[in-house]
Amino acid sequence: DPQSVRDTLIKQGLELVLRGFVSIFSDSPHRVTTISKKPVSFPLARYQAGIKNCQMVTIVMGYSVPVDMLSNLVLHNLDGSRTMEDVVNILVENVQNGTMKAEKGGVPLTKENEIRQEMSAVVKEILLKQANLGLLVG
């Protein structure tokens with residue numbers, strides 16, 4: 001009976017919201033599903049990604065999703081001032097200075113052009129995933 005379901009939801013709705021089982025939005029949060037020329041990550045997620053050893057970030061819908069170190073580094077650098085190529089340059093720099101390692105098929109990459117090619121593919125993949133998750137807002 002639809003009416004009894006409706007009555008129960010009205011009666012129990014506030015409790016469900018307060019206990020976190022139901023989220024209420026007055027409008028759909030802004031997010032993008034395509035990658036812009038200078039991507040912008042959700043500010044709260046960008047802040048969280050900058051915290052050392054961060055393993056979860058909040059998406060625009062208000063819940064958390066797991067992230068790895070590489071995704072964090074990309075996410076943290078998406079403030080709208082950098083292109084995808086700028087982010088690739090940051091990753092290449094991290095590999096070259098020993099902060100990160102780059103491998104392809106289990107073989108370490110040492111030549112800059114190989115590192116750049118691999119990091120470019122990785123950044124594109126991460127950005128697409130972040131857009132689908134609701135982590136990009138511009």
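Predicted model: local features only at pLDDT ≥ 70, side-chain atom pairs only at ≥ 80, totals over all residues.
View 1. Because Glu118 lies in helix H5 and Lys104 in strand S3 (residues 103–104), the pair ties together parts that are 14 residues apart in sequence.

**View 2. Salt bridges involving Glu112 and Arg116 of helix H5.** Glu112 and Arg116 both belong to helix H5, where they are four residues apart, about one turn of the helix. Their closest N and O atoms are 3.0 Å apart, and the two residues form a salt bridge. Glu112 is partly exposed, with a relative accessible area of 40%, and Arg116 is likewise partly exposed, with a value of 25%. Together with Glu85, these residues are linked in a network of salt bridges.

**View 3. The salt bridge between Arg82 and Asp79.** The side chains of Arg82 and Asp79 meet in a salt bridge, at 3.3 Å from N to O. Arg82 counts as partly exposed at 25% relative accessibility, and Asp79 is partly exposed as well, with a relative accessible area of 38%. The count for the model comes to four salt bridges.

**View 4. Packing of helices H3, H4 and H5.** Helix H4 (residues 84–96) packs with helix H5 (residues 112–133) at an angle of about 125 degrees, their axes lying 9 Å apart, and this angle makes H4 oblique to H5. Helix H3 (residues 69–76) packs with H4 at an angle of about 135 degrees, with the axes 10 Å apart, which makes H3 oblique to H4. H4 passes H5 in a right-handed crossing, and H3 passes H4 in a right-handed crossing too. Within helix H3 lies Leu73, which is partly exposed, with a relative accessible area of 23%.

View 5. Leu44, Tyr47 and Ile51 make a nonpolar surface patch of about 310 Å². Of these residues, Tyr47 is found in helix H2 and counts as exposed, at 58% relative accessibility. Asn53 lies in the loop between helix H2 (43–49) and strand S1 (56–58), and it too counts as exposed, at 66% relative accessibility. The phi of Asn53 is near 65 degrees, a positive value in a residue other than glycine. Most residues other than glycine have a negative phi.

Definitions and conventions. Residues numbered from 1 in each chain as written. Heavy atoms only, no water. Helix = DSSP H or I, 4+ residues; strand = E, 2+ residues; numbered from the N terminus. Buried < 20%, exposed > 50% of the residue type's maximum accessible area, 1.4 Å probe, protein only. Patch = residues over 30% accessible without salt bridge, like charges linked within 9 Å, V, L, I, M, F, W, Y side chains within 5 Å. Areas by Shrake-Rupley, 256 points an atom, 1.4 Å probe, with all protein chains shown as cover. Axes fitted to C-alpha atoms, helices over the stretch in contact; angles between N-to-C directions. Parallel < 35°, antiparallel > 145°, perpendicular 65-115°, else oblique. Left-handed = near helix turned anticlockwise from the far one by under 90°.
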